[in-house]
Amino acid sequence: LFHRYGIYSFAMFPLREAGHITYALLVYAPNADYFDPDMVQLLDEMALDISFGLENLNQAQALERTRDELERQVEERTLELRLAKEQAESVGLIIQSTSTN
């Protein structure tokens, strides 16, 4: 099948995320025995670099989701406290911050 499309050399390198293979880098060439040991080493290093980038991208996305969730929780709690303060003030209680900010 590959020869029909002019592919006579084929190499596959795993791309890992958190130690698990999630993708593969597929490389093909029109010449037989195209991938010598130096080329294989270079492509393997490229696959490691891509895996590193994927891992960093996933970590950045997870951090962003965590930040968004924390911001949502802070907004929710701030609203709860504001409503509690208004309710307390409506019955004559005075709530005042002691911070200097």
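## A buried ring

Phe-35 is buried, at a relative accessible area of 17% (buried means under 20%, exposed over 50%, partly exposed in between, with a 1.4 Å probe and protein chains only). This is a predicted model, where local features need pLDDT of at least 70, side-chain atom pairs count only at pLDDT 80 or more, and totals for chains, interfaces and linings use all residues. Residues are numbered from 1 along each chain as its sequence is written, and side-chain values use heavy atoms, leaving out hydrogens and water.

## Its partner

Search the whole structure and you'll find one aromatic pair. It joins Tyr-34 and Phe-35 edge-to-face, 5.2 Å centre to centre with 90° between the planes (rings of Phe, Tyr and Trp, the last by its six-membered ring, pair if their centres lie within 6.5 Å; planes under 30 degrees apart are stacked, over 60 edge-to-face, the rest tilted). Tyr-34 is partly exposed, at 38%.

## The core

Phe-35 also belongs to the largest nonpolar core, along with Ala-11, Phe-13, Leu-15, Leu-25, Val-27, Ala-29, Leu-43 and Ala-47 (such a core is a set of buried Ala, Val, Leu, Ile, Met, Phe, Trp, Tyr and Cys residues joined through side-chain atoms within 4.5 Å). Strand 1 (9-17), strand 2 (20-29) and helix 1 (37-90) each give it two or more residues (helices are DSSP runs of H or I, at least four residues, and strands runs of E, at least two, numbered from the N terminus).

What does Ala-11 contact, leaving aside neighbours within four places in sequence? Leu-25, Leu-26, Val-27 and Phe-35, where contact means heavy atoms within 4.5 Å.
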